[in-house]
Amino acid sequence: MANDVVGRVVELRAIRAQALRGPGDKATAAQHAKGKLSVRERIGLLLDEGSFNEVEQLRRHRASGFGLEAKRPYTDGVVTGWGTVEGRTVFVYAHDFRIFGGALGEAHATKIHKIMDMAIAAGAPLVSLNDGAGARIQEGVCALAGYGGIFRRNTRASGVIPQISVMLGPCAGGAAYSPALTDFVFMVRETSQMFITGPDVVKAVTGEEITQNGLGGADVHAETSGVAHFAYDDEETCIAEVRYLLSMLPQNNRENPPQIPCTDPAARRGEALLDLVPADGSRPYDMTEVIEELVDDGDHLEIHERWARNIICALARLDGQVVGIVANQPQVLAGVLDIEASEKAARFVQLCDAYSIPLVTLLDVPGFLPGVDQEHGGIIRHGAKLLYAYCNATVPRISVVLRKAYGGAYIVMDSHSIGADLTYAWPTNEIAVMGAEGAANVIFRRRIAAAQDPEAIRTRMVKEYKAELMHPYYAAERGLIDDVIDPADTREVLIRSLAMLRAKHASLPSRKHGNPPQ
């Protein structure tokens, strides 16, 4: 060890170079051979160039036994610190799979705990770049306790700072619960997997044979389980989308999302909407095209795009202001609400409310999906989750009824009666307890059954019911709709309404917390 300052600085530079280099070129080449980037390449893609400030780079574990005392690399397999994304502070921790397979030990966990505490204190988003083999078995229960500390901090930060988990490798066992506690989960196809018990355990217990990707790959979690919000083909695209998502989110729950200058005229008329949405309620259309016509420059980021596709949840901008859009998708299951759609939308509404993102709800819903599977699966309590989320939300809430809005699904989808600030409808709206055919069959069943020509009577009764209770102005006449608007004016109406509601202040009753349906 050098005795003068110059010598000590030279020594420091050598140690730092060793820490930056990691276990060497061979390990890095092996990482690249799997189609994966190294830990510092990932951080370089996430953060603005030259902005990363590393914390505890020289940390090393102090464990002994099983040969650990002879292998004490710098960083201990996780790189932590902060930097900026488009000039805004973001905290990050990233596993280094080249060191102990990214497995979590005591020192490794302590570094993560520290950076999470710093993110919460600073009020800035936290991004985790996950590529680890779970708990470091050689360190025993200390590694498990490390996970407990992460879970506790994930929960404490929930709704306080945005938390984003980016899955870039394996994530098995208890480690999978941390991403599940965060706001968003990104995955990369072929290289990232998440599961509680792996294929070998599944085979031993149930006899089922399945691959790692078949059990917990990106497509499985993006389409089937709903664990992943986004799935991409490569790390570069995935991390670029993380940056885009961060541009739509506030730093914390005390700030509003960033507003940007808008070149798309607020008063732009959407004449195309007149052709996009058929007046016939039985004809499907693509709700994403409606959203693109309404929002700034047609840009929106759909959350959970491939899971519960009968409802759309998206972040977009209206006149530069970030909004959360919840919309039924008539192209899938006619836009009905079911268990998965209710869960997806409820989670999104809660997210928007936590981070001061106004909600715009576009309704075209024929009701809840009927069926034994839905009833036995708990559609009552799952549908109640969406109802609870809307009723509990204090952000500006605007709903627009495009066509059908039937029964309980109409109430649940942010109707006037559950607290929507403003409710609009197009002239094609049909707001009712149920469709005219079903209503006529119930109300006039005896008359229809006794008629010489039941079909003729049924047709006449359906027409009478529509004329009496389902005409476009019925709800407006009773104050359940604030206005019936020209579809082409929807963008301007939404922007003006949001501007009026920008200073909205609403408070909830004093309580420790609610007890939402589970």
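**Charged pairs and surface patches in a predicted model**

In this predicted model, a network of salt bridges links Arg189, Asp219, Glu223, Asp233 and Arg306.

User: How many salt bridges does the rule count?
Analyst: Side chains of opposite charge can pair when their charged atoms come close. A pair counts with nitrogen and carboxyl oxygen within 4 Å. By this rule the count is 30.

User: Which parts of the chain does the pair Asp117 and Arg153 tie together?
Analyst: The two side chains meet in a salt bridge at 2.9 Å, N to O. Asp117 is partly exposed at 27%, while Arg153 is buried at 12%. The parts tied together are 36 residues apart in sequence: helix H4 for Asp117 and helix H5 for Arg153.

User: Are Asp364 and Lys404 buried or exposed?
Analyst: Asp364 forms a salt bridge with Lys404, with the closest N and O atoms 3.0 Å apart. Asp364 sits in strand S13 and Lys404 in strand S14, so the pair ties parts 40 residues apart in sequence. Both residues are buried.

User: Which side chain of opposite charge is nearest to Lys111, and how far away is it?
Analyst: Lys111 lies in helix H4. Its contacts beyond four places in sequence include Glu56 and Arg59. Lys111 is buried but has no salt bridge. The nearest opposite charge is Glu54, at 5.0 Å.

User: What accessible area does the nonpolar patch with Ile443 have?
Analyst: Ile443 is in helix H17. Its relative accessible area is 51%, so Ile443 counts as exposed. Together with Val433, Met434 and Val442, Ile443 forms a nonpolar surface patch of about 360 Å².

Note on methods: Residues numbered from 1 in each chain as written. Predicted model: local features only at pLDDT ≥ 70, side-chain atom pairs only at ≥ 80, totals over all residues. Heavy atoms only, no water. Helix = DSSP H or I, 4+ residues; strand = E, 2+ residues; numbered from the N terminus. Buried < 20%, exposed > 50% of the residue type's maximum accessible area, 1.4 Å probe, protein only. Lys, Arg positive; Asp, Glu negative; His and termini not counted. Contact = heavy atoms within 4.5 Å. Patch = residues over 30% accessible without salt bridge, like charges linked within 9 Å, V, L, I, M, F, W, Y side chains within 5 Å. Areas by Shrake-Rupley, 256 points an atom, 1.4 Å probe, with all protein chains shown as cover.
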